[in-house]
Amino acid sequence: MEVKIYGRLTGCPYCTNAKAVCEQNKFDMEFIDMVAAEMSKDDLSEIVGKPVSTVPQIFVDGVYVGGYTDFVAHLRTLNEKKDDSNDQ
């Protein structure tokens, strides 16, 4: 699974948590620090395809899933589907 996270390296607990989830699960992760990249909210909104006001903003396998809470919910859904297919 390839995960791309747009966020801030400091001062963003949800960004830190998203990175930690990726590291724990050994996902192929790219973290873009918006401060270092000098990206604005408008720049990020253009990438996401809609206005955004918070970080992180996360893509999984090239598909936008949302923020940290959306990311965790997406992973839960994937795990449930995997568990269902293993039960059959």
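**A tour from the aromatic pairs outward**

A search of the whole structure turns up three aromatic pairs. The rings that count are those of Phe, Tyr and Trp (its six-membered ring), with centres within 6.5 Å; planes under 30 degrees apart are called stacked, over 60 edge-to-face, and the rest tilted. Before you start clicking, note that this is a predicted model, where local features need pLDDT of at least 70 and side-chain atom pairs count only at pLDDT 80 or more, while totals for chains, interfaces and linings use all residues. Residues are numbered from 1 along each chain as its sequence is written, and side-chain values use heavy atoms, with hydrogens and water left out.

**Stop 1: the rings**

Back to those three aromatic pairs: select Tyr-6 and Phe-59, an edge-to-face pair with 6.0 Å from centre to centre and 70 degrees between the planes. Tyr-6 sits in strand 1 and Phe-59 in strand 3, so-called distant parts of the chain, 53 residues apart. (Helices are DSSP runs of H or I with at least four residues, strands are E runs with at least two, and both are numbered from the N terminus.) Are these two residues buried or exposed? Tyr-6 and Phe-59 are both buried, where buried means under 20% relative accessible area, exposed over 50%, and partly exposed in between (1.4 Å probe, protein chains only).

Next, select Tyr-14 and Tyr-68, a tilted pair at 5.7 Å centre to centre, with 40 degrees between the planes. Tyr-14 belongs to helix 1 (residues 13-24) and Tyr-68 to helix 3 (residues 68-87), so this pair ties together parts 54 residues apart in sequence. Tyr-14 is partly exposed, because its relative accessibility is 47%.

**Stop 2**

Switch to cartoon view and find the open sheet of four strands, ordered 2-1-3-4 with mixed pairing. Strand 2 (28-33) and strand 4 (63-66) are the edge strands, each pairing on one side only. Two strands pair if DSSP finds at least two bridges between them. From one strand to the next, the twist averages 25 degrees. Such angles run from 0 to 180 degrees between N-to-C directions, using axes fitted as lines to C-alpha atoms, for helices over the stretch in contact.

Select strand 3 (residues 57-60), which pairs with strand 4 in the antiparallel sense over three bridges. The bridge partner of Phe-59 in strand 4 is Tyr-64. Helix 2 (residues 41-48) packs on the sheet, touching strand 1 (2-7), strand 3 and strand 4, and its direction makes about 25 degrees with that of strand 3; contact means heavy atoms within 4.5 Å. Also in strand 4, Gly-66 stands opposite Ile-58.

On the strand 1 side, strand 1 and strand 3 pair in the antiparallel sense over four bridges. Here Lys-4 is opposite Phe-59.

Which residues of strand 3 are buried on its two sides? Gln-57 and Phe-59 are on one side, Ile-58 and Val-60 on the other, and all are buried. In a regular strand, side chains alternate between the two faces of the sheet.

**Stop 3: a charge over a ring**

Select Lys-19 and Phe-31: Lys-19 lies over the face of Phe-31, at 5.1 Å from the ring centre. The test asks for NZ of Lys or CZ of Arg within 6 Å of the ring centre and within 35 degrees of the ring normal.

**Stop 4**

Most residues other than glycine have a negative phi, and most peptide bonds are trans. With that in mind, look at Pro-56 in the loop between helix 2 and strand 3. The peptide bond from Val-55 to Pro-56 is cis, with omega near 5 degrees.

Move to Lys-26, in the loop between helix 1 and strand 2. Its phi is positive, near 55 degrees, and Lys-26 is exposed, because its relative accessibility is 71%.

Finish with Asp-61 in the hairpin of strand 3 and strand 4, which has two residues between the strands; phi of Asp-61 is positive, near 50 degrees. At 52% relative accessibility, Asp-61 counts as exposed.

**Zooming out**

The chain holds three helices and four strands, in the pattern β-α-β-α-β-β-α along the sequence. Its C-alpha trace spans about 50 × 25 × 20 Å along the principal axes. Of the 88 residues, 36% are buried.
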